Amino acid sequence: MIEKTKAPRGIRNNNPGNIEFNARVQWEGQTGTDGRFATFTRPEDGLRAVAKVLLNYQRKHGLNTVRELLTRYAPAFENDTGSYIDHVAARIGVTPDTSIDVAVNLEPLLRAIVAHENGHGWDGHYSMETYRAAIQRAVGAA
């Protein structure tokens, strides 16, 4: 196991999707901020927050392709959104403009986002049970 202080910021914050802190939003399990990003009690809480964001993008805004989801999630003014889109689409086995059901694809979406946000291999840092528990909580509370 890697020392937590040497892990990427998202892993240290239990926020593997690097969700920015917003004073108007209090996520379940959120403990505060590191100055820019939300911090969470445990990884499951951070993963749940990412899942909720993605579900809301589809349910409330009609976004249903990797391109649409990530253009909103990781805007180009602060990300190389094109490479992010290509990476996630390839990881989940679709083209960037293929319509997907976010709820059905949450596990591969979360794994791809965690890998992109934190670096290759960090998606495997969490157990299958952690991903599934986060997804169950996100979908159940939708």
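Select R137 to begin: at 19% relative accessibility, it counts as buried, since the cut-off for buried is under 20%. Keep in mind that this is a predicted model.

Stop 1: E28 is partly exposed, at a relative accessible area of 41%.

Stop 2: The structure holds 13 salt bridges. Side chains of opposite charge can pair when their charged atoms come close.

**Stop 3: E20 and R36.** Here is another salt bridge, at 2.8 Å from N to O. E20 is in the loop between α1 (9-12) and β1 (30-33). R36 is in the loop between β1 and β2 (38-40), 16 residues apart from E20. E20 is partly exposed at 36% relative accessibility. R36 is partly exposed too, at 37%.

**Stop 4: D123 and R91.** Select this pair next. Their salt bridge has its closest N and O atoms 2.5 Å apart. D123 belongs to the loop between α5 and α6, while R91 belongs to helix α4. D123 is buried, with a relative accessible area of 13%, whereas R91 is partly exposed, with 37%.

**Stop 5: helix α4.** Select residues 81-92. Helix α4 has 12 residues and reaches 16 Å from its first C-alpha to its last, close to the 16 Å expected. Which residues of α4 are buried? They are T81, Y84, I85, V88, A89 and I92. They cover an arc of only 120° around the axis, which puts them on the same side of α4. An α-helix has 3.6 residues a turn, so residues three or four places apart point the same way. Now show α3 (66-73) and α5 (106-118): both are among what covers these buried residues. After α4 comes G93, with a positive phi near 80°.

**Stop 6: T81.** Zoom in on T81, in helix α4. T81 is buried, at 8% relative accessible area. A polar atom of its side chain lies 2.5 Å from the backbone oxygen of A74. The T81 side chain also reaches the backbone nitrogen of A76, at 3.1 Å. Among the residues T81 touches are L70, T71 and P75.

Note on methods:
Residues numbered from 1 in each chain as written. Predicted model: local features only at pLDDT ≥ 70, side-chain atom pairs only at ≥ 80, totals over all residues. Heavy atoms only, no water. Helix = DSSP H or I, 4+ residues; strand = E, 2+ residues; numbered from the N terminus. Expected span 1.5 Å × (residues − 1). Buried < 20%, exposed > 50% of the residue type's maximum accessible area, 1.4 Å probe, protein only. Arc of directions from axis to C-beta. Contact = heavy atoms within 4.5 Å. Polar contact = N/O pair within 3.5 Å; in protein donor to acceptor, adjacent residues only side chain to side chain. Salt bridge = Lys/Arg side-chain N within 4 Å of Asp/Glu carboxyl O.
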